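Please find below a colleague's note on the model under review.

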Amino acid sequence: MSTSKKVAVIGGGPAGLSCAYQLARKGHAVTIFDERAELGGMMRYGIPGFRTPREVLDAEIRRILDLGVTARMSCRIGTDITMDRIRAEFDAVFLGLGAQSGRPLPVEGADAPNCVTATAFLKAFNDGRMRHVGKRVVVVGGGDTSIDVATVARRLGHIEKVNESDRPEYAIAGIIAHDVAAVSAKQGAEVTLTSIFAVDKMQASRAEVEHALAEGIAVRGGYAPLAVLRGPDGRATALRVIRCEAKIAGGRLEIKNIDGTEEDIPADLIVSAIGQSVDFAGLAEFDNGKGAIDTDRNYQVKGQPNCFVGGDVVRPHLLTTAIGHGTIAADGIDRFLHGEALDRRPKIDVHVFDLQRKMIERGLVFSEVHEPIRGTDTSQAAIHNFDNRSDRYVIPHEELFLGHFNRTPRNRRNVVTLSAAEALGNFEERLLPLTETQAVAEAKRCMSCGMCFECDNCVVYCPQVAVFKVAKSKSTAGRYVDTDYAKCIGCHICKDVCPTGYIQMGLGE
């Protein structure tokens, strides 16, 4: 049902798409503004396709647009439309700007033409402009983005005899696009990844580091960049590094260089993957002076109640983090549009099972209480044997009766590990999806913690025959059994044999 409220979503990346999806489901009219030609943000222009397959991404975006979401592409705020106009035309705004500007190396010589940022490198690859790199590529970073750059460089490889105009930095800058015909002559590139942290302390996941090593990428931990060495033509020829010890103390990064350990790593292309920043052009009013936007726990912009924010502009992190930001912001926007107060969010987001709604759908009614009663087993004044505890805690595993469940192994996704030779030119997905049969089998492993799945244990094991099945005319999902308090002696057996921790008892404690 339409609410007649309009929301502008600025940025079509994971946070913006997530927010638009949730708002459309709540009945609001949503328009996405994005400066690029296609939606997806970093999922399309940053993360390589062997991590986020484009056909899957396109299908998911189509599902969102099919809900009635409008997309205005190649539309930049401040250039093609002003923020004042957006405020005038929309009831609320979500800012999913992303952090798509890379940070250059803060060392002498980093302005060399073949010393580029990770975001520029990945965009050139995903746009299809860059199809090969230099023979020797050095990546500076240590996080997941640096692994993406290194693995892409390993797959692209290099061409032995390359024309001056075909150098990778020109493709990255958007000056030229590589000729597809030259790809067949590619050879493997020598890729080195350096990090200020030791290899086992790098921010990238351990599995990704292991895959990089298997593909022939040299990962060198404990090295800090000192300078970019340049040749007579101004191009970078090597990266000078020094052994170091790095740690985070009190929330601040501390790096101690070890004198006398300097080393030059030859390079035809140097990629800086040391962080990302937000482009506030046209949206400078939201910049808090630190390259971010001030927000509360509901992701509402401070001082601007109709503006919400999420994604990398809040904190560069995982895709799932940005998607979560969009969902939380959509809840806040929905409450704001309905004139409701935005309460402080809980530490754990829970999804509440609404048994009252289920009973109303069955035509079951509740009566008012007009006199003191000893229990609800013989009254229609409440939903007997039901207590919504989701706002207070999550059922821990100690509350489960694990003896009810058979040991069932997980259905794990297969991960393709490539050798150095196999990686060249291989852009197939490495983390393979579950088949439909496997996905269904994995879903069936769910223990339904805190919910009744009608196993009959409480009915079978009650020694007083106090627990009984609710008559079909009064039962519904979540209301399967009832208790006769005249027979119940509070022995706790029903609680002990409940597989899911659904039954809680206080009598006798």
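The note takes up the basis of the model, its cavity and pocket, a surface patch, and several loop residues.

1. Basis. The model is predicted, with local features requiring pLDDT of at least 70 and side-chain atom pairs counted only at pLDDT 80 or more, whereas totals for chains, interfaces and linings use all residues. Numbering runs from 1 along each chain as its sequence is written, and side-chain values use heavy atoms, with hydrogens and water left out.

2. The cavity. One cavity of 30 Å³ or more is present, and the volume of the largest cavity is about 120 Å³. A cavity is a set of points, on a 1 Å grid over the protein atoms alone, where a 1.4 Å probe fits but cannot get out; lining residues have an atom within 4 Å of a point. Grid points are joined across faces, edges and corners, and volume is the space filled by probe spheres set on the points. Its lining comprises 17 residues, with Cys452, Cys455, Cys458, Cys498 and Pro499 nearest the centre. Two or more lining residues come from each of α13 (457-461) and α14 (493-497); helices are DSSP runs of H or I with at least four residues, strands are runs of E with at least two, and both are numbered from the N terminus. By class, the cavity lining has 13 nonpolar, two polar and two charged residues. Here Ala, Val, Leu, Ile, Met, Phe, Trp, Tyr, Cys and Pro count as nonpolar, Asp, Glu, Lys and Arg as charged, and the others, Gly among them, as polar.

3. The second largest pocket. A pocket is an open set of grid points with protein on both sides within 12 Å along at least five of seven lines. Of its 28 lining residues, Met43, Arg51, Thr52, Leu319 and Ile323 lie nearest the centre. At least two lining residues are supplied by each of α1 (14-25), α3 (54-65), α8 (206-214) and α9 (319-337), and α3 gives the most, with six. The lining of this pocket divides into 15 nonpolar, six polar and seven charged residues.

4. Surface patch. Ile248, Leu253 and Ile255 make a nonpolar surface patch of about 290 Å². Areas come from the Shrake-Rupley method with a 1.4 Å probe, and for residues only the protein chains shown count as cover. Ile255 belongs to strand β12 (residues 252-257) and is partly exposed at 42%; buried means under 20% relative accessible area, exposed over 50%, and partly exposed in between.

5. Gly128. Just after α5, Gly128 takes a positive phi of about 90 degrees. This glycine is in the loop between α5 (118-127) and β7 (136-141), and is partly exposed at 26% relative accessibility. Within α5, the buried residues include Phe121, Leu122 and Phe125.

6. Most residues other than glycine have a negative phi. Tyr299, in the loop between β15 (276-277) and β16 (307-309), has a positive phi near 60 degrees and is buried at 16% relative accessibility. Val465 has a positive phi of about 55 degrees; this residue lies in the loop between α13 and β17 (467-469) and is exposed, with a relative accessible area of 56%.

Note on methods: Patches are made of residues with over 30% relative accessible area and no salt bridge: like charges are joined within 9 Å, nonpolar side chains (Val, Leu, Ile, Met, Phe, Trp, Tyr) within 5 Å. A salt bridge is a side-chain nitrogen of Lys or Arg within 4 Å of a carboxyl oxygen of Asp or Glu. Buried means under 20% relative accessible area, exposed over 50%, partly exposed in between (1.4 Å probe, protein chains only).
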